[in-house]
Amino acid sequence: MAQIFHRSANSIARASTLGGLILVVGLLWTALQLQRSPYFTYAGVAKPQPVPFPHQHHVAGLGIDCRYCHTTVEVSGFAGVPPTKTCMNCHSQIWTAAPMLEPVRESYRTGKPLVWTRANDLPDFAYFDHSIHVNKGVGCNSCHGRVDKMPLMYNEASLQMEWCLSCHRAPEKVLRPHHVKADPADPASLGDQIFNMAYEPPSSSHPVTIVEGGQEKTFTSQTGPGGLGTYLVQANHVRSPRDITSCNTCHR
Amino acid sequence: MEQATETKSPEMTERLLPGQAPVLTPGHTLETITDKIVSLVLRRPVTLGWVGGFVFFFGLMNVLLFAMAYLFFRGVGIWGINVPVGWGFAIVNFVWWVGIGHAGTLISAVLLLLKQGWRNSINRFAEAMTLFAVACAGVFPLIHTGRPWLAYWLFPYPNTMGVWPQFRSPLLWDVFAVSTYATISALFWFVGLIPDLATFRDSAQNPVAKKIYGLLAMGWRGSARHWKRYESAYLLLAGLATPLVLSVHTVVSFDFAISIVPGWHTTVFPPYFVAGAIYSGFAMVLVLAIPIRKFYGVQDMMTMRHLDNAAKVMLGTGLIVAYGYTMEAFYAYYSGSGYEYFVLKNRMLGPLAWSYWCLILFNVLIPQLLWIRKVRQNTLALFFTSLVVLLGMWLERFVIVVTSLHRDFLPSSWGMYTATRWDYAIYVGTLGLFFCAMFLFVRLMPMITIFEMRMLLPQSRVTTEAAHD
């Protein structure tokens, strides 16, 4: 009887078995990667704003504290987006004729607020409160990244649930002290470390000393027994990962 | 030393009890079996009856597609479900379809391991039935989720939420039980088909059909090495499939039994669900076998012996199910729990009492007719008894799901359940999908296993003399 398939069909069959497997695994891998890529998360992608406001210039260049504009970050769930008046505190004096700032002046004249596009926008089914994070010792740049190095604002993190849980499952990894022992040579050591963009966690080469009740405590590691994070979890009464990873902590 | 030959007469046949039909009507040879089964697909013209039936069920399948499209557009609010009855037709139909599939696995795997020769002519279409029933069942868990496009969340994969599904929930066990079941059933069916597909490849005249069957036969040449590997693979798959007969419906029953709802929280659920599954499955086998053997003239291969045996399995499993109902009632009384007792009373006398008494009539009383030999020998009576059992098993799930939920612990949350036209449309639609697939199957695939039928012939017995040749 005549053969209905050429000899090569054998090789094609074997190759397609392996190829099919690779294809399926590859497609799944691609889907998982794509889901975490900036294409979906917009991490690192600056969105268009009415005025190209440079955080880099205002934070690093001028040394303005975060709380000068985001006034309610320590006391409210919402950090606060400044009103036009806050801009005009300075811009009624400097760059008064800059065409780039015309929308700001127009807003001030008409009383119609600037409509900024939120860079870090969580979905409505996730409850988030800035004040609890700030008060328990989560630094601004732990979530927002080095804002002092961002010419235009973008979200640093993916804002996906696995990213939230990476800290909630092990809060000691990121907590930092509010105040460290002042070092006259380092102006950043004078202020609240939560808002210090350049804060470095303790290591053996870079110990961190905090002052509490007149006593100095020096830490050479972040995690583990004797680590600063472990200490802060206790000192700040951070609830157990079991509590802060419970569904209804964030999905209320 | 010369070994004694196994048999002297080539006409060696199985011993039959008086009045018992043979598994294969005598008079067949190796050639006639192959020729008959091959001709059903390759030489038989497409008849008007087939086209009519196919078009009818294809239409019903489109009802399913239409109803699902509307469901996805509007949401599960188009169904009759609401607090307190959050599980309605979707779960009833899911359990019913999964149950039907069990007979196929039982016939092909368990009866194979038990060396029951009579399985050989009905196992192929029973396996196909399993596959299509599982496909119909699989529709419901997907569409009842409300957001079916996110149904892949049911699977444990490294998702961006950073969480796994709840491994302690029986609903997740269901995902594994049913997907394993579908995979093994499909593999078992396909592996069993390979030698027959090769026969089709060699017999087909149409070059396109030849290529398609050839592709599916995966280069089967029927060499001794092929057969040896085939036998091991088939036996292994049978071994894998056997525990599934018990495990799948046990897990399905856990969906209810693990909860604390009165009427669900009973230890009798797993065995009684499994028996019920086999019960409804054999009813479906009969509902399919009786018309198939008539319209395709294969009464000589699916003999009265097969129908008789299937009816006896039905009777046996039906009695286990009846025992389950009795025990449910007894537990409700013996538990001393007022809630359990109330559920029983509500089932028997409440607003949905009709469903309970219909269930007892259909599942317990009418099937007792099968004790009578004359009923088992009458294909029409058998056909209608099977239909009644299928309906009864559907009602059983309805009673379990709805009557337990609609009167829960708090009288303030009591309610009624009424299915909407969309509930019915989707149920009828899955019947369309199932029978549509069956119609295609009998036209395109060997519905009876050729080589296993040939093994029933005396000529296939290898004698030592022949083996030395």
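How far does helix 2 of chain B reach from its first C-alpha to its last? The views below start there.

This is a predicted model, in which local features need pLDDT of at least 70, side-chain atom pairs count only at pLDDT 80 or more, and totals for chains, interfaces and linings use all residues. Residues are numbered from 1 along each chain as its sequence is written, while chains are lettered from A and ligands numbered from 1 in the order in which they are written.

**View 1. Helix 2 of chain B, residues 48-74.** Its 27 residues reach 39 Å, close to the 39 Å expected at 1.5 Å a residue (the expected span is 1.5 Å times one less than the number of residues). Helices here are DSSP runs of H or I with at least four residues, strands are runs of E with at least two, and both are numbered from the N terminus. After the helix comes G75(B), with a positive phi near 100°.

**View 2. The buried residues of helix 2 of chain B.** Look for F57(B), M61(B), L64(B), A67(B) and L71(B), which are buried (20 or more other C-beta atoms within 10 Å of a residue's own; 12 or fewer is exposed, in between is partly exposed, and C-beta atoms are placed from the backbone). The buried residues of this helix pack against helix 4 (123-143) and helix 14 (421-444) of chain B.

**View 3. F282(B) in the largest nonpolar core.** A nonpolar core is a set of buried Ala, Val, Leu, Ile, Met, Phe, Trp, Tyr and Cys residues joined through C-beta atoms within 7 Å. This one has 119 residues, and F282(B) and V285(B) have the most contacts inside it. Leaving aside neighbours within four places in sequence, F282(B) is in contact with A103(B), A310(B), V313(B) and M314(B) (contact puts C-beta atoms, placed from the backbone, within 7 Å). Apart from that core lies another, of nine residues, including V180(A), V208(A), I210(A) and V238(A).

**View 4. Where chain B touches chain A.** Eight residues of chain B are in contact with ten of chain A. On the chain B side, helix 6 (residues 207-217) gives the largest share, three residues. That side divides into two nonpolar, three polar and three charged residues (Ala, Val, Leu, Ile, Met, Phe, Trp, Tyr, Cys and Pro count as nonpolar, Asp, Glu, Lys and Arg as charged, and the others, Gly among them, as polar).

Notes. Contact = placed C-beta atoms within 7 Å.
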